[in-house]
Amino acid sequence: MPSLTRDEAVARAALLTVDAMEVDLDLDQGDETFGSRTVVRFSCRTPGLAGFADVAPRTLHSAVLNGRPLDPATLADGRLPLPGLEAHNVLEVDATMAYGHDGQGLHRATDPADDEDYVYGHLFLDAAPQVFACFDQPDLKAPYTVRVRAPRHWSVIGNGAAREVEPGRWDLAQTQPLATYFVTVCAGPWATVTAEHDGIPLGLHARRSLEGPLREQAERMFTTTRTCFDHYHRLFGIRYPFGEYHQVFVPEFNAGAMENPGCVTLRDQYVFRGAATPDQLLERDNTIAHEMAHMWFGDLVTMRWWDDLWLNESFAEYMAYRACAEALGAPETWVDFGIVRKMWGYAAERSPSTHPVAGSPAPDALSALQNFDGISYAKGAAVLRQLIAHIGDEAFVAGVGDHLRAHAFGNGDLAEFLDAMSRAAGRPLEGWAEAWLRTAGADRLALGRDGVLTRTAPPEHPADRPHTLDVAAFDATGEVLRRPVVLEAGSGEVPEAAALGGETLLVPNAGDLTWAEVVLDERTRSLLPAHLAAVPDPVARSVIWTALLGGMHRGDVDPRLVLDVVDGAWPHEDDPRLLSRVAVVVTSSLVPLFLPPEDHDDALRRLASAADTLGRRAESVPGPAGDALAVAAARVWARSGSDVDRLDAWVAGTGLPAALTGDDDFRWLVLRRLAALDALTDAGLADAEAADPSLAGRLAAMGVRAGRPSAEAKAWAWERLRDDADLSNYGALELARAFWAAADPAVLRPYVGEVGALLARLGSRMGEDALSRVAAGLHPKSLVEEATLEASTAMLARDDLSPGVHRALLDEDHVLREALRSRAHFG
C-alpha cells in the first residue's frame, strides 16, 4: 500500500472536512479476521470533484457513496476512489479485516498462561485503514462513535466510555474530534482496577494472568495519574477534555506507550512480574506522565503533518520529566533524562541520519517514521529547556496555553507555535528557532585548565546556538565550583577554573541544562577512576558518564579507560539509573564492540567483580535502598559472571538476594548467561519453560534458544525468522537480539551477508514499525570486522528495504564504523 504523500494530504484537506465517523467492529468471528463496517460523513468544498478513501481489507464486501454502490474492484493499493463528490457525503464501507501480529492495526495475541486472547488497536502511524475505512491523515479529525461485538466473557475499552448494552455488545460514547491514528479498541478478558479523581473516571487494565501484580501496583500508578492531572490542569489552565481515562497494559506492544485519548495503551512489561528497582518505577511514572501530557500536546492540538511531530513528542518528553521532578517530587528524574534519553539522542546526532528537531522533510507518512528518534524526543525536550532559559518560564507557560487554546481540537504547526511564544516573550524568536530547531547537530563544549570554555559546532551543520548552562569543579572533598554561564559566542572565560588545582575534575554543563556533547579535558579523564564516585551531584555524575561513553563512540576516549572507571567508580555508585544504564552500555557496547576479542573475558570478569563489590555494599544498606543495590548487582553479575555453579544455584532459587526470590524475569536473565556459556542443558531449558508458561516466559525461552553458541541453535533461529509466518513481532525481536551471541565468530559469519535478504522477506509480513526494531537487532555489528562492514555497505545499497529499515540499518552501520575506528586507533 503506497504511503500517503504530504502533497496528497494537503490537497485532500483543502477539499474535504470529515464531520463524523461511525465504526462497527465484530471481534467475534474467530482469531484471524474481524468484521468492520464504517460510515463516514464528510463535506466537500468543491462538489463534482473526485477523492479517495483509505481502506486495507482482507475482503471488501461493499462500498456505497451517497446511496450509489461503488465497484469493490476499483479498490487498489488501499485506496478507494470516490467519484462525483457532493457538498455533503455519506460513505458506507463493509469489509472483513485481518488481525495483525506485528503490533500494528488491530493486534491479536494469545496469552499461553491461560490461552486467552487479547485484541488492541495501534493505528499509528498509518495503520488505521487496516481497521476501518477513513481519510488517514492527522489534520482530518472527526468525532468517533464506535460499537463493538466481542466474545461474551470479554470486556471492551476505547476512546469513549464503554457500556455493555447486551451480552457481547458494547457501545462507546462519542468522542471529541480525533485524528485517525489515535483511535483504539482494547478487548479481552481484562483484569481491571478502577478509581476516580476530580470527576474523571480512571481505569487500569492488563491480561488476566497479570491481575496479581496489577492490583499490587495499582495504587502507585493511580497516585501518579492523579498527581499529573492536577499538575497539568494548573500548568495549562485547560481541563482534561476526553472524558474517562483508561490505561491498558497490552501484550507485544512495539512502543513504550501510545497516547490514544481516553485509552492509553502501554507495554505490559510495565506491570512488573518481579523485583522493580527505583529507576524502573520512575521510568513507569515518567511514561504515565508522558502519555498524559500528550492529551494536550498531540491529542487536543495535533500536528498538521508529520514533519511537526516534535510538537507532540518533544513537549510530552519535557513535560513528563518536569512533572516527575516538580509534581511527583522526584528531581532525580533528570539523571534518567541525561544518562538514558540524552545519550540516545546524542547517538542519533552522531549518525549520518541526523536531522533537525523541527521541519525534517516528511514527503510521505512512512518516511516520517524514521524521525521518531532521540532527536525528536530528547533533543527536542532539551531545546525546550533552553527556550525557557531564553525567554523565562512565565512566558513559556503563557505561550503554551495560548497555543493550546487557539488550536483546541484542531491542528497546529511550528510557525503558529513560534507566533504564540513570540507574543508571550514580547520578542521575535525566528533566529533562535533557526539555530536550535531547524539546524541539525550537537555542539561540543570543552572547559580547559586555562579557564576557557569553548563551543564547537559540527562543521557539517554550522550554527550559532546560544547556550545557557553551568560549569562545576569537584575534588576529593566534593564540589568546589559552580557557576552559571551564558555562552553566546564560540568561547567564554571561567577564570575561577584556571585557579583550581590539578586534582580537580572540570565539568562543563554540569547541571545538564543544555544540549551539547561534553568533552572532558585529559586531566579530568585521568582522575575519573579514583574520583568520580566522590562527585556528590548525581546529575553531574550523569554528565560525566555520558561524556565518557560518548567520547568512546567518537573515538576520543580509550575504551580501556572506560573499563577502568567502571572498576573504580561504578560499584560505589548509589543512583539506580546510573547503575543500570552504565552496566547496559558496558555489556552491550563497550565489551562486545569496542574492546578487542582477546580482552572480552577479562573485561567481563572485572565487571562481575565490580558487581560483587556492589553486592557487598548492599548488605550494609538497610531497607529498600539496600534491596535496590542488591538487585542491580545481581542483574549485572548475571550478565557478566562465569561461575556456572552460582548461576545454576540462582536458577534453582538459592543464594539469591531476598528481593529476587521467585522473580521469573531474573531467572531468564540467568538462563541467558548459561546459554551464552554453553552450560544450559536441554532438560534445564525445558524445566524453565514448564516453570514459567507465561507469554513473557515463552518469548524469553526463544531468546535463550537463539542465544546458544552452537551452529544448530543459529540455524534454528534463522529458520524461525525466515519461515515462521505466525511469528509475532516480539518473537522476531527476541530471536534477532539473541542471534549474534557466540564466542566463536565462525558460527556466525555464514549469516552476515544474508541479513538484507532476510529483512526483505520479513517485509512482506511485518509492518514498518516492528520491522525497523527487528532490523536494528539483526544487524551483525557485533562481528567487528572489515568483512562485516562490506556486508553492511552492500545491505544499505539494496533497493528492496523500506525507509524505516534502511534508517535502522544505517544507524547500526554507523556504530560498527565507530567500533572499527576505535579498535584501529587504540588497538
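Which side chain meets that of R322 in a salt bridge? In this predicted model, the partner is D393, with N and O 2.8 Å apart. R322 sits in helix α4 (residues 310–326) and D393 in helix α8 (residues 393–406), so the pair ties together parts that are 71 residues apart in sequence.

Another one pairs R273 with D692, whose closest N and O atoms are 3.0 Å apart. Here the link runs between distant parts of the chain, 419 residues apart. R273 is found in the loop between β19 (263–267) and α3 (278–294), and D692 in the loop between α20 (682–691) and α21 (695–707). With a relative accessible area of 3%, D692 counts as buried, whereas R273 is partly exposed at 25%.

D800 and R798 also form a salt bridge, and their closest N and O atoms lie 2.8 Å apart. Both residues are partly exposed, D800 with a relative accessible area of 37% and R798 with 30%.

Helix α18 is worth a look at both of its ends. At its start, a side-chain oxygen of D643 comes within 3.0 Å of the backbone nitrogen of D645, the helix itself covering residues 644–652. After α18 comes G653, which has a positive phi, near 90 degrees.

Note on methods: Residues are numbered from 1 along each chain as its sequence is written. This is a predicted model: local features need pLDDT of at least 70, side-chain atom pairs count only at pLDDT 80 or more; totals for chains, interfaces and linings use all residues. Side-chain values use heavy atoms; hydrogens and water are left out. A polar contact is a pair of N or O atoms within 3.5 Å; within protein, one must be able to donate a hydrogen and the other to accept it, and residues adjacent in sequence count only if both atoms are side-chain atoms. Helices (H or I, at least four residues) and strands (E, at least two) are DSSP runs, numbered from the N terminus. A salt bridge is a side-chain nitrogen of Lys or Arg within 4 Å of a carboxyl oxygen of Asp or Glu. Buried means under 20% relative accessible area, exposed over 50%, partly exposed in between (1.4 Å probe, protein chains only).
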